[in-house]
Amino acid sequence: MNPKLTQKIAKSLLCGAVLLTSVVLFFIIFYILYHGLSNVNWNFLTGNVEDLGKKGGIYPTIVSTIYLTALSVFIAAPLGIGTALYLTCYTEENLFTKIVRFGTDCLAAIPSIIFGLFGFMLFVIYLRLSWSILSGALTLASMMLPTIIRTTEEAIRAVPSSYMDVNYALGGTKLQGIVKIILPKALPGILTGVILSMGRAVSETAALIFTAGMSLRVPVSMFASGRSMAVHFYSLAREGISLTNAFATASVLMITVLIINIVSYLIMHLFLRKYI
Amino acid sequence: MKFGKTASIFFIFITLLYFLTGIGAKSQKIVRLAGSTAFLPFAEKLAEHYMKTHKDITVDVQGGGSAVGIMVASEGIVDIGMADMLSLPKETDSLEKVVVARDGIAIIVNTGNPLKNLTLKDLTQVFSGKVKEWKEIGVNLSGQIRVISREEGSGTRKSFDQLILQSARLTTDAMFQDSNGTIREAVKSDPNSIGYISIGFLDSSVKAISVDGIVANNENVILETYKISRPIYFLFKQNPTPETKNFIQFILGKEAQKIIAGDGLIPVVKI
Amino acid sequence: MKYFKEIIIEKCIKLLAMSTISILILIIFFIFRQGVPFLVKYGLPNFILGQKWLPQENIFGILPMIIGSLWVTIGALIIGVPIGVACAIYLVEFSGKHTKLFFKPAIELLAGIPSVVYGFIGIMVLAPFIRSTFGGSGLSILTASIVLGIMILPTIVSISIDALSAVPLSYKEGSIAMGATSWQTIVMVLLPAARSGILAGVILGMGRAIGETMAVIMVTGNSLKIPSSTLDSTRTMTSNIALEMGYALGDHRAALFATAVILFIFILLLNIITMTVIKSKKTR
């Protein structure tokens with residue numbers, strides 16, 4: 001067949017693939033927002049959950065989501081960034097670091113339900129923390145650690161080693177070099193990793209049902225249970241409690257994730273352009 | 001100046017820690033319940049009611065199924081385990097038990113299904129897979145019967161197995177959902193399906209069929225003409241906390257039992 | 001004085017790193033410790049090849065779930081890979097700069113949508129459609145494959161774009177100089193060159209599909225039978241863990257951990273394959 005004709009056909013098929021993907025993407029977002037956005041108002045965002053979610057708002061779930069995300073980042077970020085710092089700046093590249101890297105890569109790929117199983121057995125049952133924000137946050141932190149370690153490592157490695165050489169040449173110590181040169185330069189990459197992990201925490205459902213639980217109330221402390229927005233949406237949708245509220249919750253959920261994605265994208269591309 | 005910077009970071013850190021760990025939260029006592037999804041919505045409603053008059057108590061309710069309730073109650077991870085079973089397994093021997101309500105199990109089909117009644121024998125045959133098509137039991141519906149069941153940890157499932165399947169096994173073709181609500185949703189959308197849920201979960205989105213001519217409703221369960229029913233237990237360790245004891249007494253009181261009766265379960269106390 | 005601070009900080013960071021690494025080891029160790037004794041006791045072949053899952057009778061065969069997971073994943077790959085790679089090719093070779101700038105973040109957006117939302121749309125839109133078009137209950141392997149296929153698109157598209165962009169320009173220029181059309185260049189030069197990168201993306205997508213739980217529970221019907229057609233209902237390994245996690249005791253609980261071990265090893269193997277594929281590319 002005429003190669004030019006083949007190319008024309010191929011090109012249109014490929015274009016079709018892109019169009020198909022775009023249509024699917026828009027359909028998903030449109031479907032949720034169309035059915036749900038009209039019900040999202042100030043009362044919805046600040047009202048308590050009533051009648052298992054059939055009426056009322058989703059304020060407790062918003063609080064639980066923020067609580068879970070904040071606590072898990074609070075635990076995972078220092079640990080993850082510290083580990084990455086250690087692996088890149090304080091040790092040489094040897095078998096130990098290779099094994100650790102392989103281990104974190106594997107853990108990053110483990111399905112979240114396995115973390116849920118792990119978290120349920122260890123935190124809820126074995127450590128007797130019961131269904132609580134703490135159990136949920138510890139589980140989420142376990143999930144975030146590999147990703148944060150990996151992205152921080154990549155961000156630090158992206159900083160040219162000549163920078164540290166200049167630092168030593170000017171008489172700076174290792175610590176000064178890390179704090180004043182490497183970290184600021186790697187910060188956008190590190191932040192992106194942390195923020196994307198936050199996005200994952202907000203969307204996580206299976207692991208949280210079994211660790212943070214399904215309580216409908218604003219958690220009074222980290223030892224109380226609380227359902228996140230994603231868990232609430234799951235419950236509303238699956239049990240047919242209220243489709244309207246399900247769509248509305250999904251809308252809030254999606255907009256939250258959208259904002260998180262946009263923020264991380266901006267940091268990655270705007271800041272990077274500014275410094276480099 | 002440098003000191004100020006470090007100090008302010010330290011200060012923010014401590015505030016965050018304080019807030020995140022809720023060290024400053026007023027001493028709220030928590031009563032934890034977990035277990036039966038059949039009783040879950042009622043437990044939630046009663047918890048809400050209870051907390052209105054007891055501002056210093058938080059009642060946390062989880063689901064998970066009756067087997068979860070038994071497991072976490074015996075481990076002491078929750079204060080009260082909820083189980084809706086005919087007969088409790090021997091793991092509960094060390095626990096205190098009290099019946100808080102009774103509930104029937106309704107067999108449900110899609111609202112488009114012309115079926116109105118089944119004999120117990122037919123039911124067993126359908127759910128054990130011996131009968132595979134709707135036409136075989138005289139229903140004018142083309143296609144295979146799609147059985148939807150609960151998973152094994154469910155009290156509703158266990159009671160169903162004991163009362164209807166008896167010695168037969170559930171068909172291997174059965175599909176599974178994990179709560180009363182999700183079974184109702186599944187049957188609502190699938191015209192060829194048949195499933196079972198707690199009578200307390202019945203609504204107009206699905207159709208409950210009568211068994212051996214007896215309609216599935218609370219009156220018939222009380223009269224014991226509709227025999228497919230089981231009690232709902234609260235299980236707790238001996239020497240429960242005072243808040244737990246108070247909450248259980250509340251559930252057994254007239255006020256709570258009225259709410260239970262009003263919402264579709266059968267009370268155990270004369271109201 | 002300065003050195004003192006240096007050493008303190010270094011010790012702190014070392015402590016931080018060591019505790020984190022211990023935590024990661026703990027996670028792996030915990031899962032294996034709960035699952036491996038069961039595998040030894042029950043017998044690995046009995047577990048993997050057993051066709052019945054009846055915890056009440058102490059029978060734990062996960063073959064139906066393994067087949068379910070594999071079938072659903074392969075279905076997802078059949079849908080996701082052609083469309084994903086096609087998108088990547090178009091964006092790298094045929095589209096204008098603005099399309100690419102717009103599309104890449106848009107596709108990242110797809111990646112951020114929570115899996116429960118995908119599952120929800122699967123139940124509300126896809127399942128009724130499949131039920132009315134193909135019969136059956138609508139909750140089937142097909143439904144799950146379509147949903148998962150869409151879910152892994154972002155991974156495959158992103159990595160394929162990176163792989164195709166990494167092919168040296170000289171390859172393309174050489175091909176065009178010899179008179180090939182763009183399409184011929186793509187098929188005969190670019191794709192083979194980017195092969196290992198695209199493969200890595202596919203494997204990553206496969207890992208994601210196998211590990212997905214919530215969306216799958218919502219759309220597969222969760223039956224325990226070995227499926228015989230794409231319209232059959234099925235249960236995956238991950239769904240099985242999620243459905244029975246709460247109440248499993250003793251051997252039942254250990255069996256679920258054993259399932260986790262099997263999944264873990266499988267993902268490990270996928271990771272190793274990816275690493276060797278990428279390494280072999282680097283040495284070319």
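Biologist: Helix α7 (residues 161-169) of chain A: is it mostly buried or in the open?
Modeller: Of its 9 residues, the number buried is 0, so helix α7 of chain A lies largely in the open. A residue is buried if 20 or more other C-beta atoms lie within 10 Å of its own, exposed if 12 or fewer, and partly exposed in between, with C-beta atoms placed from the backbone. Helices (H or I, at least four residues) and strands (E, at least two) are DSSP runs, numbered from the N terminus.

Biologist: How should I read the numbering and the model?
Modeller: The model is predicted, so local features need pLDDT of at least 70 and side-chain atom pairs count only at pLDDT 80 or more, while totals for chains, interfaces and linings use all residues. Residues are numbered from 1 along each chain as its sequence is written, and chains are lettered from A and ligands numbered from 1 in the order in which they are written.

Biologist: What comes just after α7(A)?
Modeller: Gly171(A), which takes a positive phi of about 95°.

Biologist: Switching to the interfaces. How many residues of chain A are in contact with chain C?
Modeller: 65 residues of chain A are in contact with 60 residues of chain C. Two residues are in contact if their C-beta atoms, placed from the backbone, lie within 7 Å.

Biologist: Which helix gives the most to chain A's side?
Modeller: Helix α1 (residues 3-36) of chain A, with 18 residues. By class, that side has 45 nonpolar, 15 polar and 5 charged residues. Ala, Val, Leu, Ile, Met, Phe, Trp, Tyr, Cys and Pro count as nonpolar, Asp, Glu, Lys and Arg as charged, and the others, Gly among them, as polar.

Biologist: And how many residues of chain B are in contact with chain C?
Modeller: 18 residues of chain B are in contact with 16 residues of chain C. On chain B's side, α3 (66-74) and β7 (175-177) each supply at least two residues. The largest share, 3 residues, comes from α3(B). By class there are 6 nonpolar, 6 polar and 6 charged residues on this side.

Biologist: What is chain B built from?
Modeller: Chain B has 9 helices and 11 strands. Its C-alpha trace spans about 85 × 45 × 35 Å along the principal axes. Of its 271 residues, 47% count as buried.

Biologist: What is Ile80(B) in contact with?
Modeller: Leaving aside neighbours within four places in sequence, the contacts of Ile80(B) include Leu33(B), Ala73(B) and Phe234(B). The C-alpha atoms of Ile80(B) and Tyr233(B) are separated by 9.6 Å, though the two are 153 residues apart along the chain.

Biologist: Now chain C. How many helices and strands are there?
Modeller: Chain C has 11 helices and 2 strands. Along the sequence the pattern is α-α-β-β-α-α-α-α-α-α-α-α-α. Buried residues make up 51% of its 284 residues.

Biologist: At what angle do α5 (residues 115-134) and α6 of chain C pack?
Modeller: About 140°, with the axes of α5(C) and α6(C) 10 Å apart. That makes α5(C) oblique to α6(C). Axes are lines fitted to C-alpha atoms, for helices over the stretch in contact, and angles run from 0 to 180 degrees between N-to-C directions. Angles under 35 degrees count as roughly parallel, over 145 as roughly antiparallel, 65 to 115 as roughly perpendicular and the rest as oblique.

Biologist: Which residues meet there?
Modeller: Among them are Ser115(C), Tyr118(C) and Gly119(C) in α5(C), and Leu142(C), Thr143(C) and Ile146(C) in α6(C). By class, this contact has 9 nonpolar, 4 polar and no charged residues.

Biologist: How many residues are in the largest nonpolar core?
Modeller: It has 247 residues, and those with the most contacts inside it are Ile114(A), Leu117(A), Phe233(A), Val147(C) and Ala260(C). Helix α6 (residues 141-165) of chain C gives the most to this core, with 16 residues. A nonpolar core is a set of buried Ala, Val, Leu, Ile, Met, Phe, Trp, Tyr and Cys residues joined through C-beta atoms within 7 Å.

Biologist: What does Ile114(A) touch?
Modeller: Not counting residues up to four places away in sequence, Ile114(A) touches Ile31(C), Ala260(C), Leu263(C) and Phe264(C).
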